[in-house]
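Please open the model in your viewer and keep the sequence panel beside it.

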Amino acid sequence: MAAQCVTKVELTVACTSLLDKDVGSKSDPLCVLLQNTSGQQWYEVDRTERVKNSLNPKFAKKFLIDYYFELVQKLKFGIYDIDNKTFDLSDDDFLGEFECTLGQIVSSRTVTKPLVLKNGRPAGRGSIMITAEEVKDNRVVVLEVEARKLDNKDFFGKSDPYLEFHKQTGDGNWVMVHRTEVIKNNLNPVWRPFKISLNSLCYSDMDKSIKIECYDYDSDGSHDLIGSFQTTMSKLKEASRSSPVEFECINEKKRQKKKNYKNSGIVSIKHCEIIVECTFLDYIMGGCQLNFTVGIDFTGSNGDPRSPDSLHYLSPNGVNEYLTAIWSVGMVIQDYDTDKMFPAFGFGAQIPPSFQVSHEFPLNFNPSNPFCNGIQGIVDAYRACLPQLKLYGPTNFSPIINHVARFAAAATQQQTASQYFILLIITDGVITDLDQTRTAIVNASKLPMSIIIVGVGGADFDAMEFLDGDNGVLRSFSGEPAVRDIVQFVPFRKFQNSPKEALAQCVLAEVPQQVVNYFSTYKLQPPKNPAA
């Protein structure tokens, strides 16, 4: 998976009813933005201009901040009355502050909250309003390209052509930005339509040179250049199906050798359209809710929870690998769910009162209301149910996947990008119902949901790696392929000695792209227009 480009968010700040610290005039406020690295370590990101004589300032300078979905990014906004020229704020009057996460701001789009003093008391009637906006160029170019009468480079059969698109960097070098598929044995190829971001293709500059090269593919890697040409986005944009834009494909070496050389074929741009695609933050700021569900493995292979070598054993400070995984992932996702009520289930245990084996039981034993209040609620329900269960087996994933899929299927009736479901399954091992789980995942890949599997303990997790489609497309037992990769698996042991944020960073990094892929595939728009 290629590294995601960093999303930049612009924060605009305004305040009302600030404390008045100046005698004979009003406060001269400034806002400073601090970011938390770890523990109580805060560092200054930036500060706004000072607004003279105002208790209701609207700061013109905006804060530009890198946004990462998979991190909890803690922010603190401090308001100071500036009465001197020193940079140090410790000698200025403090008018109040507000602490939150960047996730809380982007999921609300605008946050209005009271300011508090250092002791936690209200700073008079002072309040702060923070508005988030994504800084982006989300224009995408859709291209349909074909060619005719290409030179034949093969002794046996015909050329196997493909195209490469290159953009020119500031220092004059060419960088490849797209390669089409190879079309075998064809001198008049029609390539599949494709999309590429305008920024990737030409730095969003309509007049910047784009070089297109046509090659004959060879399996040994010694691809032969058929020919090339240069153009710009302005020129490509003129193409339409009734009036394609055509270019002669020129091979310079051939042109120098042959006197009557005309070209090595014609490349025809049949269709070129610039469209605007929604980003992850467009969906979030447009009202999309991320619904978080937890499934916990209570099979016998975990070991007796009362024994210190059990994976369900609660250490003297009340934690284990299951709880650490819930906290790590849940703390990020909770900012994107307004009611913060999360369903939590167990599987593979005998449950009271009859002690029948269940593969999808609510941790709070309340089937009509399996919701827990916040991440702490999941943790409390887990601790409370543990002594009442008999760990058993087998390890069946499909019932819980199908349970969440039913809700995701119901959400598709709304015809907007209003809900997306994330299922976190924490397990100690070898999956029993692999065929049913494969089918459940393939069916779920058509729905607005992603599945995160965290493997705890030291078991063999080969089957989990197989479910994570990074090494090829997952297929159901009957051979149906998943329409998109929705499973992310990580073994917890990889993160045992890492900072607590590392697990969430790894398992959640792919979620924004999965959300965008789903909603854009089905052409679903956010419930509210984020640009409005």
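**Stop one: the largest cavity**

The lining of the largest cavity is made up of 9 nonpolar, 2 polar and 1 charged residues, where Ala, Val, Leu, Ile, Met, Phe, Trp, Tyr, Cys and Pro count as nonpolar, Asp, Glu, Lys and Arg as charged, and the others, Gly among them, as polar. Before selecting them, note that this is a predicted model, in which local features need pLDDT of at least 70, side-chain atom pairs count only at pLDDT 80 or more, and totals for chains, interfaces and linings use all residues. Residues are numbered from 1 along each chain as its sequence is written, and side-chain values use heavy atoms, with hydrogens and water left out.

Now select Y67, Y68, F69, L71, V72, Q73, L102, G103, M331, V332, D335 and Y336, which line this cavity. A cavity here is a set of points, on a 1 Å grid over the protein atoms alone, where a 1.4 Å probe fits but cannot get out, and lining residues have an atom within 4 Å of a point. The volume of the largest cavity is about 50 Å³, a volume being the space filled by probe spheres set on the points, which are joined across faces, edges and corners.

Where does the largest cavity lie? It lies between domain 1 (7-135) and domain 3 (292-522), because both give residues to its lining; the domain bounds come from an automatic or database domain assignment.

**Stop two: the second largest cavity**

Next, select A411, T412, T416, Q419, P448, Y518, F519 and L524, the residues that line the second largest cavity. This cavity holds about 40 Å³ of space, and its lining divides into 5 nonpolar, 3 polar and no charged residues.

**Stop three: the nonpolar cores**

Select L11, F77, V106, F292, F298, V454 and L508, which touch the most other members of the largest nonpolar core, a group of 87 residues. Such a core is a set of buried Ala, Val, Leu, Ile, Met, Phe, Trp, Tyr and Cys residues joined through side-chain atoms within 4.5 Å, and buried means under 20% relative accessible area with a 1.4 Å probe, protein chains only. This core draws at least three residues from each of domain 1 (7-135) and domain 3 (292-522).

Apart from it lies another core, of 29 residues, including L198, I226, M233 and C249.

**Last stop: the domains**

Finally, colour domain 1 (7-135), domain 2 (139-276) and domain 3 (292-522) separately, as the domain assignment gives them. The centres of domain 2 and domain 3, taken over C-alpha atoms, are 45 Å apart.

Conventions. On a 1 Å grid over the protein atoms alone, a cavity is a set of points where a 1.4 Å probe fits but cannot get out, and a pocket is an open set with protein on both sides within 12 Å along at least five of seven lines; lining residues have an atom within 4 Å of a point. Buried means under 20% relative accessible area, exposed over 50%, partly exposed in between (1.4 Å probe, protein chains only).
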